[in-house]
Amino acid sequence: MSLKGCRILIVEDDGEIAELISAYLKREGAQAQTAGSAEEAQIAASLEAPDLLILDLGLPGADGLEFLRVFRQENQAPVIIVSARESDEDKIRGLGLGADDFVGKPFSPRVLVARVQAQLRRYNKQNSEREGLRFGSFFLDSRGKILENCGSPLALSRKEFELLEFLAEHPWQSFKSEELHREVWGSDYGDLSTVAVHVQRLRKKIEEDPSKPRWIRTVLGSGYRFVPREEGE
């Protein structure tokens, strides 16, 4: 499984270990962020919810298990504990507080990456049973009117969601601005530039490089087209 676009928070007070994990995850396309304490991790998680958490238990200040307890109150993303504390009590407490896996130190970075991929694959499979459309690491929940990336919701306005949903439900088809305005805004009249503005906003939120869009393409003379996959994928 590709980790492209997935946000992973690494909570580890040993800088060398944190950077090692981060480097291996970034090779797979993940957006890895590190935090050296529970306090730093709490701030990072509140600013942008991670798609997966890698957590050390022996942290300075607040304990890793206490951070996990607080984290689980607001986030259901997979959690992998990576710790030298391998007692049965620590494992039982960690799993009881909502951790999904436990990796002892020392560990193989390649094996850890494989476990990250496995946890995200399991999490995405659970979500795939819901009604909606999947493209890349994104899931368009048509019933809940939510767009998720690796299981975490993205902030879209109602019209941004409706525009993306309409395009995704008609893959490969090109629509001019007036057609999109009629289908999404329900009117043949109005400022058609609002369509271009909403497309730009969507690209900033879902495209890795908005200047070279992967999902929502501009077709010269024909408007916009949603491309669910490249040829050969």
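Which residue in strand 12 does S174 stand opposite? S174 stands opposite R225. The model is predicted, with local features needing pLDDT of at least 70 and side-chain atom pairs counting only at pLDDT 80 or more, while totals for chains, interfaces and linings use all residues. Residues are numbered from 1 along each chain as its sequence is written, and side-chain values use heavy atoms, leaving out hydrogens and water.

Helices (H or I, at least four residues) and strands (E, at least two) are DSSP runs numbered from the N terminus. Two strands pair if DSSP finds at least two bridges between them. Strand 10 (residues 174–175) and strand 12 (residues 223–226) run antiparallel and are joined by two bridges. Strand 12 also pairs with strand 11 (residues 216–219), in the antiparallel sense, over four bridges. Here R225 is the bridge partner of R217. Strands 11 and 12 form a hairpin with three residues between them, and G221 in the turn has a positive phi of about 80 degrees.

The helices come next. Helix 6 (residues 158–168) packs against helix 8 (residues 193–206) at an angle of about 85 degrees, with the axes 10 Å apart. Helix 6 is therefore roughly perpendicular to helix 8, a term for angles of 65 to 115 degrees. The contact (heavy atoms within 4.5 Å) involves K159, E160, L163 and L164 of helix 6, and V195, H198, V199, R201, L202, K205 and I206 of helix 8.

Helix 6 is mostly covered, with nine of its eleven residues buried, meaning under 20% relative accessible area with a 1.4 Å probe, protein chains only. Among them are F161, F166 and A168.

Terms used:
Axes fitted to C-alpha atoms, helices over the stretch in contact; angles between N-to-C directions. Parallel < 35°, antiparallel > 145°, perpendicular 65-115°, else oblique. Buried < 20%, exposed > 50% of the residue type's maximum accessible area, 1.4 Å probe, protein only.
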